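Welcome! Please take a moment to look over the sequence and the structure below, and then we can walk through some of the parts together.

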Amino acid sequence: AADVCAAMAASNNYASGLSSTLAIVTGSDVLSCYNSFTIDSTTRQNQITYLKQYFNLYPYLDIAKSSSSPLFSSNVDLFATLDAIASNSSITTEYDFQTQVQAAITSLNDAHSSYYPSCFLSARLMQPFIIDAKFTTGSAPTIYIRDSFVNGSNFLGGSTTSGATQFKAALNSAWSTATNGDPSTYAGYTVSKINGMDAVAYIQKVADYWSGISHSPETRFNYYMPSTQWSSSASAFNFVDGTLYRIVSIPYNMDWYWNYELTSPTGTTVTLSQVPWAGYVMATNTFADAATYYSNNCQSSSTTSGSASKLSAGNKLLSGSASAIFEENGLKFRTKPTTSHNGITLDADVALATHNKHLTAATLRLDAETKVAATFSLSNPLVGDGMSAFYMLDDGVTGIMVLGAFEPATTTDAAISAAIGTITSGLTALESAGASKLIIDLTENGGGVICIGAFLLNYLMNQPVTPLYDVRLSTEFASLMTYADSPAIKDTVSLISESGMLPIGGGSIMDSTYTYTRGGVTATYSDKFYLNCTAFSAMSSSLPTLSKGWSPNAIFLLSDGFCGSTCAEFTRMMRDEYGVKTMVTGGSTGAVFQPSSFEGGSVGSFSDVTSEAQEVYTYSTVTTSEAATWPMNSLPLPVQGTLPLWESYSPQGTGGLDNPVEWMPEPAEILLDVSDTLDKAAVWAAAAKAAGSPTNSGKSAGTTQTSASAAAGTGTGTAGATTTATGAGGTHNGVAASTVGSAVVQAAAAAVVVAAALVAL
């Protein structure tokens, strides 16, 4: 019999002009190979046991079990779901097991949490069409085919080489029967139904099941629509095809063929049946059969770390980075794991502890190139680099700041300094050009360095404001942090130590604690803490300054809902502290929705968490029995995964100090009435119109952050004692929550520079 993985082996050479050989595959080819690898009950149980050791550190483990209005709703008992998968004897293949585990992690709707089985990342599968939406305020959008997939500007980087042409033709041939020849024929057709379901509802169903990036369904829907993103690599807007959602790992329990009901621009109805998923496998992933496929893709490294006398032989660390598999031959995949996120974060760079020791005003680039355009042009910003760009609209009063991330492509001191220099030069250029209102476009901004966000807040508002954080002190996490806090290793294990944390009560974050009941579970949480970003704030005195700036009513934040991590925290603080309004585009309902997502912090990869736990175990006095449940064992089945370790709070927001902002709905004030969200000029014109003509009285004179009544508490507490709070109000260390914000700002302004202030989200 033919080997089940032979059809996936790279045999067709389309390498001419491309970076490597490609082989065309169909979904049935891939499934036959993937389903050939069996799994036994012991491996299932060990994988789940070790995975739960990571998620013992997950801050939202309890709240996800049961939450409802006024919070986002959730009924995800992660551990119960994982235990059921482990004990399910009908799961007999690794593919079935791994994709069910992946679905469980995805259901958390937290883009900081990810689980990608390395064994099933080889095939890139897609439908033949770029599916898009035309949006109308007040009603559901209309789904249509923007173009065929291979005609997309992003496909193979627009290559026209002979190899690219042959490859496109071969890929199209996999769809030719179902699409009556050429998929590009249907560009511009309206899609009324997919697999018998209303097209909007079907895409929402797929997004709800598999995107996992946000608690907001509208954001999940937008994530599967095409978008534009300011690119750190190209310093330009890049097209991002949102419909490529089977390229990383083939989802469990989805339809393997799609049936379309279409309507042509002239009103002709067309039905396309049994349209297959097709794609390719990179030849760089070399294998010839099932045996070599499995050995190359599905087995963990045997690398160990730490002291052999304390670490068991079974402890394995995943080695190397697999990020390259997410971008090949110019294809920009939605799920590429970069520190600017794009939805998924792998190996988040939290090892930035030394940057603020060296960042000084003298190292900043203050000579950003300025281009003065006679008229607005997307290709000619006033100022721009790979992280941000600045435009002046032709109305003469609207300035646009595009911020693709809160982190440059590289996170060296020089790169961060240059990026901050561009921001200040760009904002002063807009002011000089006469911008009386400022629109900050945060579309597809996945976050970055917390202190860059804090810097921009301070620069715009003259106030040193920072979010607050805490840690869910599970038995495992409390034990880890206790031993990780020794001076010998504290600064080398930044994920699981108190390095860089400045508790609002002073001392250790475990000296004073909160007790919350969330999801029916009562648990202990650390003291609230913040990060010291004064090194960034101090730079302001040597940077180009705003003579007037913009008052909060003259600033508007714009996004498609995918504004995550540091971007989300920046958005929350701008809204809650200063009353800045937000605008959104797209969505599946025609109504306003959440402009930001996944605010949690200190994101770590499974392999980094394991490495740090092993280091603490090796160089501390912890006993073997106490460390038995620490996440020191890498997963038996290799996985690229992440999770956040901190919760984020906005003291003046509706959740106050009791509810993490990731779980607090706060819809945008404005839904822009624009049909094609890829048309940036149209989007910005609509934003300028919606912003109206606000009176700009300039930024504040630097007052201290004030309290909001929503954060005021009614309970009592004493210094050093545990405070009980159940979701609204409460006090901490005898201080009402309504006054904590002011104290935090004053402390932040006076604090010394602390290593690890730069934590990437």
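## Two helices side by side

A crossing of two helices is called left-handed if the near helix is turned anticlockwise from the far one by less than a right angle, and right-handed if it is turned clockwise. By that rule, α2 and α3 make a right-handed crossing. Their axes (lines fitted to C-alpha atoms over the stretch in contact, with angles from 0 to 180 degrees between N-to-C directions) come within 8 Å and cross at roughly 165 degrees, where α2 spans residues 41-55 and α3 residues 78-87. That makes α2 roughly antiparallel to α3, a label for angles over 145 degrees.

Contact here means heavy atoms within 4.5 Å. On the α2 side the contact involves R44, Q45, I48, L51, K52 and F55, and on the α3 side L78, F79, L82, D83, I85, A86 and S87.

## How to read the model

This is a predicted model, in which local features need pLDDT of at least 70 and side-chain atom pairs count only at pLDDT 80 or more, while totals for chains, interfaces and linings use all residues. Residues are numbered from 1 along each chain as its sequence is written, and side-chain values use heavy atoms, with hydrogens and water left out. Helices (H or I, at least four residues) and strands (E, at least two) are DSSP runs, numbered from the N terminus.

## A seven-stranded sheet

Next comes an open sheet of seven strands with mixed pairing, in the order β15-β16-β17-β18-β24-β25-β28. Strands pair if DSSP finds at least two bridges between them. At the edges are β15 (383-384) and β28 (670-671), each pairing on one side only. Within the sheet, β16 (residues 388-392) and β17 (residues 398-403) run antiparallel and are joined by five bridges; Y391 has I400 of β17 as its bridge partner.

Helix α10 (residues 413-432) packs on this sheet, touching β15, β16, β17 and β18 (437-441), and its direction makes about 5 degrees with that of β16. Helix α16 (residues 680-691) lies across β16, β17, β18, β24, β25 and β28, running at about 135 degrees to β18.

## A hairpin

Look also for β21 (residues 514-518) and β22 (residues 521-525), which pair in the antiparallel sense over five bridges. Y516 stands opposite A523 in β22. The two strands form a hairpin with two residues between them, and G519 in the turn has a positive phi of about 60 degrees.

## A link across the sequence

The whole structure has twelve salt bridges, each a side-chain nitrogen of Lys or Arg within 4 Å of a carboxyl oxygen of Asp or Glu. One of them joins D62 to R472, with the closest N and O atoms 3.1 Å apart. D62 lies in the loop between α2 and α3 and R472 in the loop between β19 and α12, so the pair ties together parts that are 410 residues apart in sequence.

Conventions:
Angles under 35 degrees count as roughly parallel, over 145 as roughly antiparallel, 65 to 115 as roughly perpendicular and the rest as oblique.
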